[in-house]
Amino acid sequence: ANPADAWIPSRVYRGKAAFEYRPMGGKAVRLCKLDSSPSEVIQKYLNAKAAHEERKHRTGYTVANMLSDYLEGQNRGDGRRRPLSKRTIKDYEECAAILNRFIRDWLPSEVFPETLREYMDGRKVISGPRQGEIAYKRANLELVTFRNAWNFAAERGKVKGNNPAIGIKPYEYIPRDRYVGDEEYEKVLAVAPKPVKVAM
């Protein structure tokens, strides 16, 4: 550690362009520019820490409550002529679990478009060969999950105001640059279960 940084509070780090507070179990919070004075950094840190602690002990209607209500509603088929498939619901459950890692204790009114844009830009692949890269497809689906959950809660009078997910630009998909060859196709066909064989 650099002795010149001894004044920096615990869990505050120098990011690429700003000081960041990284609370245990919470999302990194941008404090101020790297050329800010120590007193400004410390004050911003104290404010961010207080806000984080307040969220941890919050008992109001949080983002976690909103996502939970939405998932329960989808499992019941609320507002739908036909219920969602089990696979789609599983995808939404996985998305809600990831969103809850970052903003579960926030009030919905504290989530702004810039909050979700920052989330999208920082959403990384958690494991596997692409670990650390932007998880484009999952980030898009998580944005849809949040948007749908907000709309579900708004229809039931549990949240007010504009949906912050509206207008957030999703990532564009890059088309694949190769086709599956006949040999690969035949190998999959040979071991596929009967329903997949029929579809193929």
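Biologist: In which helix does Ile 98 lie, and is Ile 98 buried or exposed?
Modeller: In this predicted model, Ile 98 belongs to helix H3. Its relative accessibility is 11%, and the cut-off for a buried residue is under 20%. Ile 98 in H3 is therefore buried.

Biologist: Which residues does Ile 98 touch, not counting residues up to four places away in sequence?
Modeller: Residues up to four places away in sequence are not counted here.

Biologist: How far apart in space are Ile 98 and Arg 138, C-alpha to C-alpha?
Modeller: Along the sequence, 40 residues separate Ile 98 from Arg 138. In space, the C-alpha to C-alpha separation of Ile 98 and Arg 138 is 9.7 Å.

Biologist: Is Ala 139 buried or exposed, and which residues does Ala 139 touch beyond those up to four places away in sequence?
Modeller: Ala 139 is part of helix H5. With a relative accessibility of 0%, Ala 139 counts as buried. Leaving out residues up to four places away in sequence, Ala 139 touches Met 120, Arg 123 and Tyr 171.

Biologist: Why do the buried residues of H4 line one face of the helix?
Modeller: Helix H4 spans residues 113-122, and its buried residues are Thr 115, Leu 116, Tyr 119 and Met 120. Viewed down the axis of H4, these buried residues line one face because they fall within an arc of 135°.

Biologist: Which element gives the largest share of the lining of the largest pocket?
Modeller: The largest pocket, with a volume of about 680 Å³, is lined by 20 residues. Strand E2 (18-21), strand E3 (29-33), H3 and H4 each give two or more residues to this lining. The largest share, 4 residues, comes from H4.

Biologist: Which residues of the lining lie nearest the centre of the largest pocket, and how many of the lining residues are charged?
Modeller: Nearest the centre are Lys 27, Ala 28, Gly 122, Arg 123 and Lys 124. By class, the lining has 8 nonpolar and 2 polar residues, and its charged residues number 10.

Biologist: In what sense does E2 pair with E3, and which residue in E3 stands opposite Tyr 21?
Modeller: E2 and E3 are joined over 4 bridges in the antiparallel sense. Within E3, the residue opposite Tyr 21 is Val 29.

Biologist: How many bridges join E1 to E2, and which residue in E2 is the bridge partner of Arg 14?
Modeller: E1 and E2 make a hairpin, with 3 residues between them. The two strands run antiparallel and are joined by 3 bridges. In E2, the partner of Arg 14 is Phe 19.

Biologist: What is the value of phi for Arg 11?
Modeller: Arg 11 sits in the segment before strand E1 (12-14), and it is partly exposed, with a relative accessible area of 31%. Most residues other than glycine have a negative phi. For Arg 11, phi is positive, near 70°.

Notes: Residues numbered from 1 in each chain as written. Predicted model: local features only at pLDDT ≥ 70, side-chain atom pairs only at ≥ 80, totals over all residues. Heavy atoms only, no water. Buried < 20%, exposed > 50% of the residue type's maximum accessible area, 1.4 Å probe, protein only. Arc of directions from axis to C-beta. 1 Å grid on protein atoms, 1.4 Å probe; cavity = no way out; pocket = protein on both sides within 12 Å on 5 of 7 lines; lining within 4 Å. Points joined across faces, edges and corners; volume = space filled by probe spheres on them. Nonpolar A, V, L, I, M, F, W, Y, C, P; charged D, E, K, R; others polar. Pairing = 2+ DSSP bridges. Contact = heavy atoms within 4.5 Å.
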